[in-house]
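Hello,

Here is the structure we talked about. Please open it first, then read the notes below.

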Amino acid sequence: MQVSKSKLRNGVLRARELLNDSRVFVDTRSGGQISIDGLQAVVHEHRGIPVKVHDVAFDAANIRGRMERYTTHIDIHIRRNMDSEWKRIVTAKELLHAIIDDDEDCTPYGNLTLEELVAEGRIGHLCNESTNGKPVQSEWIAEVAAIELMYPNHYRVDDERALSRGEASLSHLALRFDIPEMFIETALQPSYRRAIASALEAEE
């Protein structure tokens, strides 16, 4: 899977910028959880139209969430039968679509290869497939942006140190940030860090 470096860079930076909005996140020394309601309010402000989040029962087993954008409002549909931490990251990912997506993101082509992350099973868990059976760029970018938003980068060095000393566990960190454990593990992987670093080096 390939994505545009500049578009991934934009997604990462926009997610990190949202951490500076007190409606979304209040920074503490020990870390904390973003506010989905606050993020929803930011999207409403950004798009200038109401944003509604609905719990629904999807027929397709592989769909966790979906955004539908109209001229007058945005509907976010979230699979009803998920644990709360999964609902949070799926909702965040769908809301982030409304902030970072452009029309040209609906293509499978780019210049940054994410195959290593895909092969390791690190990302792609929130991606919906397009009509050709493959996720489009916007799906991968929104998933990475959701990880960057829900597990802020500036906590990771200390968290890795705590993990190596046995002073913390992945499950502890997942509880602290209210995010599925697998995404904490992903964010701490060298392959993920390399992909993000490569994207951040891209020119605007």
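**What was found**

In β4, Arg79 is the bridge partner of Val56. Keep in mind that this is a predicted model.

Strand β4 covers residues 74-79. It pairs with β2 in the parallel sense, over six bridges.

Which strands make up the sheet, and in what order? There are three, in the order β2-β4-β3. The sheet is open, and its pairing is mixed. The edge strands are β2 (51-56) and β3 (65-69). Each of these two pairs on one side only. On average, neighbouring strands of this sheet are turned by 20° against each other, with direction ignored.

A helix packs on this sheet: α2, residues 36-47. Helix α2 touches β2, β3 and β4. The direction of α2 makes about 135° with that of β2.

Now the whole chain. How many helices and strands does the chain have? There are nine helices and five strands. Along the sequence, the pattern reads β-α-α-β-β-β-α-β-α-α-α-α-α-α.

Some totals to finish. The chain has 204 residues, and 51% of them count as buried. Take the contacts in the chain with a separation of 6 or more: 66% of them join residues 24 or more positions apart. The accessible surface of the chain comes to about 10100 Å². Carbon and sulfur atoms hold 46% of that surface.

Best wishes

Definitions and conventions: Residues are numbered from 1 along each chain as its sequence is written. This is a predicted model: local features need pLDDT of at least 70, side-chain atom pairs count only at pLDDT 80 or more; totals for chains, interfaces and linings use all residues. Side-chain values use heavy atoms; hydrogens and water are left out. Two strands pair if DSSP finds at least two bridges between them. Helices (H or I, at least four residues) and strands (E, at least two) are DSSP runs, numbered from the N terminus. Axes are lines fitted to C-alpha atoms, for helices over the stretch in contact, and angles run from 0 to 180 degrees between N-to-C directions. Contact means heavy atoms within 4.5 Å. Buried means under 20% relative accessible area, exposed over 50%, partly exposed in between (1.4 Å probe, protein chains only). Accessible areas come from the Shrake-Rupley method with a 1.4 Å probe; for residues, only the protein chains shown count as cover.
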